[in-house]
Each structure stands twice: as C-alpha cells, then as structure tokens.
Amino acid sequence: MRWADLLIFNTSREVLDFLLQNRFRVIGTLDPVETPREHSEKLIIVKRRFLEDIDKVFPSREYLVAFKPRDVESARRAGRIDHPISIVFDEENIDLCTREQLVVMRGKRVFIEILARAVLYDEYLPRFMRYAKTCIRRALVEGIDVVLSSGARNLEEAFSPGAFRVLERYLTGIRGSLTYSWFRVLEKWREDLVKRIDASEER
C-alpha cells in the first residue's frame with residue numbers, strides 16, 4: 001500500500017507531479033482535480049470539505065469533513081460527534097488539543113488531523129512540536145485515530161513519504177505508528193472507497 005496525504009489545499013500540476021513522483025496513492029483536496037491521463041489510474045481523490053464554523057459541521061458521504069476549531073467550546077462540540085470527521089490542528093490552534101479534549105473524543109469515530117506544514121516555519125516549530133507530540137501520544141493511548149496530513153498550500157509545503165516518516169517517528173516515538181492511519185479513517189467513513197483502493201492496488 002502506498003502513501004496518502006488527506007488534506008492538500010493546492011492541487012496545481014506541479015504539486016500533483018510531486019505527489020505522483022513520490023508514489024502517493026490517495027490525496028484529499030477541496031478542489032476538483034484534473035488528473036493527468038497518464039496517472040488517472042494511479043491516484044484516488046478524496047473530496048474534502050474544510051469548515052471553521054461548528055454549526056455547519058454535518059457528516060457527509062460525498063465529502064470527508066475537516067473542522068478546524070478556533071476555541072475550546074467548538075473543539076469540545078466537535079469532539080462529541082460520533083462520525084468520521086476530522087478535527088484539524090495546525091500552527092494556530094494546536095494548543096486546543098489537550099487531555100480534556102481527548103477525553104471528550106474517546107470512543108468516538110471523530111479523528112485528529114495534524115497539519116505538518118507548521119514544522120517548516122521557524123516561528124511555529126518549537127511550540128507546535130511541543131504541543132503536537134503531547135497531543136498525538138495521548139491520543140494514541142486513548143485509541144483515537146490520528147492522521148498526519150501536509151495541509152500544503154503550495155509545492156514548498158508538500159511532504160515526501162520520507163519527510164512524513166521522520167516527523168512521525170519524532171512525534172510518536174514509534175516507527176510506522178501513523179503510516180496507515182489514513183486507511184483506517186477511510187474505512188470507517190466509506191467502505192466502498194476502501195474496496196476501490198484495495199482493488200487498484202491489486203492491478
């Protein structure tokens with residue numbers, strides 16, 4: 001099974017070329033993607049919906065919903081949703097991923113999505129890494145799914161599998177602990193999509 005990046009904000013041709021060259025199999029994006037003909041059978045697109053208003057968050061079979069909370073109240077409300085949606089944490093709100101937040105999420109199908117792009121910026125790096133490491137390790141202990149996505153807004157913010165592996169190892173202390181978490185999340189969301197991914201891998 002190849003790699004996935006479930007949340008990419010920029011799907012320009014140069015970003016798609018980078019992902020395909022690095023053997024990514026599944027990508028999640030907000031925008032329609034015109035897949036190059038030569039790669040049409042090599043890339044599976046997951047439609048995403050990115051929201052910052054908790055009152056607009058509803059489960060969907062068409063879109064895998066991503067919600068970015070701006071405050072404790074909205075983060076807690078999202079954490080009580082027992083459907084496969086992601087609560088997104090990045091350089092701006094990583095401090096909301098606390099022990100109390102994880103307790104609310106325990107036993108639910110809602111999952112955590114960490115945007116890795118923050119580590120590329122010196123002004124965010126130390127604080128982000130400190131909070132993200134604690135958040136992810138506690139979440140894994142609680143049995144909460146954690147997905148590591150790039151959140152790339154341009155080519156410079158796109159991550160290779162190797163970069164994801166290094167970051168994963170640092171954040172979790174365990175090699176491979178997040179490598180296929182994207183697959184478990186998609187399996188909970190839409191089994192038909194997972195079957196399509198499995199079938200494409202067999203070709």
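Are Lys 68 and Asp 90 buried or exposed? Both are buried, and buried here means under 20% relative accessible area, with exposed over 50% and partly exposed in between (1.4 Å probe, protein chains only).

Before I go on, the ground rules. This is a predicted model, where local features need pLDDT of at least 70, side-chain atom pairs count only at pLDDT 80 or more, and totals for chains, interfaces and linings use all residues. Residues are numbered from 1 along each chain as its sequence is written, and side-chain values use heavy atoms, with hydrogens and water left out.

Back to that pair. Lys 68 and Asp 90 form a salt bridge, with the closest N and O atoms 2.8 Å apart. The partners come from distant parts of the chain: Lys 68 from the loop between E4 and H2, Asp 90 from the loop between E5 and H3, 22 residues apart. Helix and strand names are DSSP runs numbered from the N terminus (helices H or I, at least four residues; strands E, at least two). A salt bridge puts a side-chain nitrogen of Lys or Arg within 4 Å of a carboxyl oxygen of Asp or Glu. By that rule there are 18 salt bridges.

Take another one. Lys 188 meets Asp 145 in a salt bridge, closest N and O atoms 2.6 Å apart. Lys 188 is in helix H6 (residues 181–189) and Asp 145 is in the loop between H4 and strand E7 (146–149), so the pair ties together parts 43 residues apart in sequence. Lys 188 is partly exposed at 40% relative accessibility. Asp 145 is buried at 10%. Some salt bridges share partners, and one network joins Glu 52, Lys 68, Arg 70, Asp 90, Glu 91, Glu 92 and Arg 117.

Now the disulfide. There is one in the structure, counted when two cysteine sulfur atoms lie within 2.5 Å. Cys 97 and Cys 135 form it, sulfurs 2.0 Å apart. Its S-S torsion is about 65°, so it is right-handed. Cys 97 sits in the loop between strand E5 (86–89) and helix H3 (99–105) and Cys 135 in helix H4, so parts 38 residues apart in sequence are tied together. Both cysteines are buried.

Next, the core. A nonpolar core is a set of buried Ala, Val, Leu, Ile, Met, Phe, Trp, Tyr and Cys residues joined through side-chain atoms within 4.5 Å. The largest has 47 residues, and those touching the most other members include Val 57, Phe 89, Ile 112 and Leu 167. Helix H4 (residues 125–142) gives the largest share, six residues. What does Ile 112 contact, beyond neighbours within four places in sequence? Its contacts (heavy atoms within 4.5 Å) include Phe 89, Cys 97, Cys 135 and Asp 145.

Last, the rings. Phe, Tyr and Trp rings (for Trp, the six-membered ring) pair if their centres lie within 6.5 Å; planes under 30 degrees apart are stacked, over 60 edge-to-face, the rest tilted. The whole structure has six aromatic pairs. Phe 9 and Phe 50 have ring centres 5.2 Å apart and planes at 85°, so they are edge-to-face. Phe 159 and Phe 164 are stacked, 5.2 Å centre to centre with 25° between the planes. Phe 159 is buried at 5% relative accessible area, and Phe 164 is buried at 2%.
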